[in-house]
Amino acid sequence: MSTRHTGGLLVLLFLLIGPGLHAGPPADSLRSRTLLSEWDYRETATHDPATLTGIAATSVTVPHTWNQWDAVDNSPGYRRDASWYSRSLRITPRPGRRYLLYFEGANTKAEVYLNGARIGGHVGGYVGWEVDISDHLSPSGENRLDVRVDNGYDPDLIPSQKSDFFIYGGLIRDVWLREVPTTFVSDLRIRTPEVSTDRALTRAQINLTGRPGVNSRLRGSITDPETGETVASGSTTPDENGGATLTFSAVANPKLWSPRSPRRYRVVVELVTGDEVVDRREEMIGYRWYRFEANGPFYLNGERLLLRGTHRHEEHAGYGGALPDSLHRRDIELMKEMGVNFLRLGHYPQDPSVYEACDELGIIVWDELPWCRGGKGGEEWEANTERLLREQIAQNYNHPSVFFWSLGNEIYWLPDFPGGDDTSAMNLFLTRLNSIAHELDPGRLTAIRKYYAGADLVDVFSPSIWSGWYAGVYKNYGPTLEMQRPLYPRFLHMEYGGSSHVGRHTETPITGDGLVNPDEWAEAVNQVNVENIASSGDWTENYIVDLFDWHLSVSETLDWFPGNAQWAFKDFGTPLRPENPIPYLNQKGLVDRAGEPKDAYYVFKSYWAEDPFTYIESHTWTERNGPEGKARQVSVFSNCDRVELFHNGTSLGMRTRTPGEFPAAGLVWDVSFTEGENALVSRGYRNEAEVATDDLAVHYTYQKFGGADHVELTHRALPNGNILVEAVMRDAEGQRVLDYEDHLYFSADGAGELLVNYGTPTRSQVIGMANGRAAIELRPGEGRTVVEARNQDFKGSYLVITSDSDSR
C-alpha cells in the first residue's frame, strides 16, 4: 500500500462506500483515496467481459494471485494464463472532480473495462499505473468494473520466462480509487542537487493534469516533521502546458538521511488559483549525498559506510507473490533487526510499502529493472523495456532510500530470441537505458550485475562471485575480491551464499578447503575433495553457517571494500528447481519462506546487529551422536563483548569476541557431551553486565546408527490448534538414522487436512528428510484421520489420529 500522494484530513466523498471499499490513510480535503480490496474472481481467459455473468465467481481479497498454491505444489509448471477480477463501483460524481483507478501492480498485462467498455490497461508487471474513469461513469451511480489480468508467456515482456523465480499472475498489489480536483498535480519529482552538512538545495519538477487558471501559481514548503518547523519555501507559475520547476530556499544545517539516522522532511506543493488552494500534494524526502572512492570504499554523507546487504524476492508462504503490506513490512523489519543497511530488490521493482519501510527504517536500495536473462529482443521488446524503466524511475523517484537504478541481471544469459545474446546489440541498448536513467535522474547511479561486456557502460558493476558454492571454496573469497578490485572502479558484490535445508546438520561439514571426512567413526581420517558444493554438498545448515562466517570475517575487515549483498534473505519459489529438498524452492534464504530464521540469520546478526543477543548453534540440531570421548566444537553467535558457556551447569569458560576470527569470532568451546540429555546455556556480557542469554537441550548418543530400516510416525499438538506429524527414520534397533536425506511423501485420508504447498519445512507434502526427520502440519477434523509417509524404498508407515487425539 502506497503512503505517498496523500495529505491531511479525511473528507466525506460523495461516493457510497460499499463492501470492499475501505478509506485509506487520512487524506486532504482536496484529495481522497479508497482501497478496493474485495473482488469477484473468475478463472477464465475469455476476452469478452459480457460472458462473465454466466461464469461462477469466487470472492477474493486483493492483493491476490491465482498462483498462490500451484507455484510450489508437486506438479511441473504453474498456471500462466488470464483471469478476471470484477466488482461494483457505486459513485455519485461531484462537479469539478476526477476519479482515478490506481493499480500498484498487475502481473503482467491488464485490461480495464467499466460498464462493458474498455477504458485502459497496462503491459508489464511490478510497476504502478493509473486509469482515469471520470468520463465513463454511469449517471445512475451504479458501475461495473472488470479487469482482465494475464501472466501468459510473452517473450516481448521482461523478465524472461527463464528467470529463476515465479512470475505470479493476478492483481498482486493494492488497487485504489482516487478522487482529485479537475486540475491537479499529477507528477512531482523532487531533486536535491546540492547537499552538505551546512545546507541543502531542493528543486521540484511539477506537471499538472487539467487546465490551470490564468492566475494560478504553485507554492511549496518543506517542514521538519519532528519539530513542525518550516525550513524552506518557494513559489512559481506553471507554463501553458502545466509544467513547472519550483526552487526552494536553502535548508540550513539539514538533518541528514542515513541508515543510522533516517531523518526525513515533508514537502508540500499547492496549486493556488487566486486565493483558493485547488490541489495539494505531499512527499517525504531525505537529504544525503554519496560516492565511491575509485576502486575503494563507499561514502555516505562524507563518511565511509560498509554496505551490509541482502536481497529480497516478493513472496511469502501461503500468499505467493500477493502479500499484504504487513508482511512486506515484516520482511524489512527482520532485515533491520539483523543489521542490514542495504537491500537489492531482486529482480524487479517491489510494493510501495517496501520503499516506504526502507525510507523510514534506513535501508539503502538497489532498485532493479526486470531485465533478467533472455537477452535482447526486437522493437516491441525494446519499447516495453524502455517504458518500464521510465515508469519505475518515475514512481520511485522521491524515495531517499533509492541510491541505484539497476538496469538488469544476467541479461545475456539464455536468450529468448535468435541472436539475442549479441553483445554489440545489447551494448547499444544498454547504453540507451543508461542514458535514459541519467536523463530522468542525474542524481543517482546506474548499475548492473553479471554482464561483463557492459561493465563499463554503467556506473556500478557487480561480477558473479560464488566462492564455496558454484565455484571454488569459501576461503577463496578474500583473494577473489582482491583480483576483482582493480577491474571495476565502482565495485559492489551482489549475490553470495548457498542453500541450506532447515534441520539438516553434520558433525563433519565440508571445510573451507573443500574437504570432508566421510566417516568420523573410522580409525583413519580419509578426507575427500568436494569439487562442486552446490551439486555435491549436503546442504547442511552447518556448512552455510561456516561459509557466511568466513565471508563476513573477510568483508568486515577489508578497509577498501565497499560492500556486498547476500543472496537471498528469504527462501522463495522457482520453477527451475524441482529436485531440491523442498521441491520448487530456492533454499538460499537466511529465513524460511514463512520468515522463520535459520541458523545463518544469527551469523549476520552477530556482525551487524546492535541489540545484544546470544545464539547457540543450533536450535534445529538437538539430536547428535559420536564416539565416546570425542569432544564437539560448539559455537555461539553473539554481538556481546564476552560470552560464557555452561554445560550441564558447569562453566566452560569465558570467551572474548574478536571480529574477523573464524569461526564465530572466537566464541567456540570444546564440549564433551554426556550420553543422554545435555543442557547448554550461554550468557553474553557488555561492560561486565549480563545482557543476553540462550539455552539449548541436546540429546547425545555414543552408539553409531545403522542403516535405514523403517519410518516411525508420531504426533503432537501445536499452539495454533494444528497437529504436527513427525516422521523419523529408524534403524533396526530403533535409533534415529541421522544421515538419511531422501525425500518423504506425506498423504492423509479422513477428517483432517494436511497443510501443503506452503514451501516451508512443516507445510510441504514432499520434503527431503533432515537428519532422518521430516514433519508436516495437520489441521484436525471431527473424526478419524489416517496419515501415511512413504518413498521409493519405504512402502508406507501409517498413523491414525482421532478427534480426541488418540493414535496408534
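This is a predicted model: local features need pLDDT of at least 70, side-chain atom pairs count only at pLDDT 80 or more; totals for chains, interfaces and linings use all residues.

Residues are numbered from 1 along each chain as its sequence is written, and side-chain values use heavy atoms, with hydrogens and water left out.

**Aromatic rings**

A search of the whole structure finds 49 aromatic pairs; rings of Phe, Tyr and Trp (its six-membered ring) pair if their centres lie within 6.5 Å, and planes under 30 degrees apart count as stacked, over 60 as edge-to-face and the rest as tilted. Select Phe166 and Tyr168, whose ring centres are 5.9 Å apart with planes at 55°, so this pair is tilted. Both Phe166 and Tyr168 are buried, where buried means under 20% relative accessible area, exposed over 50% and partly exposed in between (1.4 Å probe, protein chains only).

Trp466 is buried at a relative accessible area of 9%, whereas Tyr470, at 37%, counts as partly exposed.

Then select Trp257, Tyr290, Phe292, Phe298, Phe342, Trp366, Phe403 and Phe404 together, which ring pairs link into a cluster.

**Charges over rings**

Select Arg33 with Trp176: Arg33 lies over the face of the Trp176 ring, 3.7 Å from the ring centre. The rule is that NZ of Lys or CZ of Arg is within 6 Å of the ring centre and within 35 degrees of the ring normal. At Phe646, Arg683 lies over the ring face at 4.6 Å from the ring centre.

**The largest pocket**

Which residues lie nearest the centre of the largest pocket? Select Val502, Thr620, Pro761, Thr762 and Arg773, which hold that position among the 38 lining residues. On a 1 Å grid over the protein atoms alone, a pocket is an open set of points where a 1.4 Å probe fits, with protein on both sides within 12 Å along at least five of seven lines, and lining residues have an atom within 4 Å of a point.

**A polar contact**

Finally, select Glu282 and Arg266, whose side chains are joined by a polar contact of 3.2 Å; such a contact is a pair of N or O atoms within 3.5 Å, one able to donate a hydrogen and the other to accept it. Glu282 counts as buried, at 18% relative accessibility.
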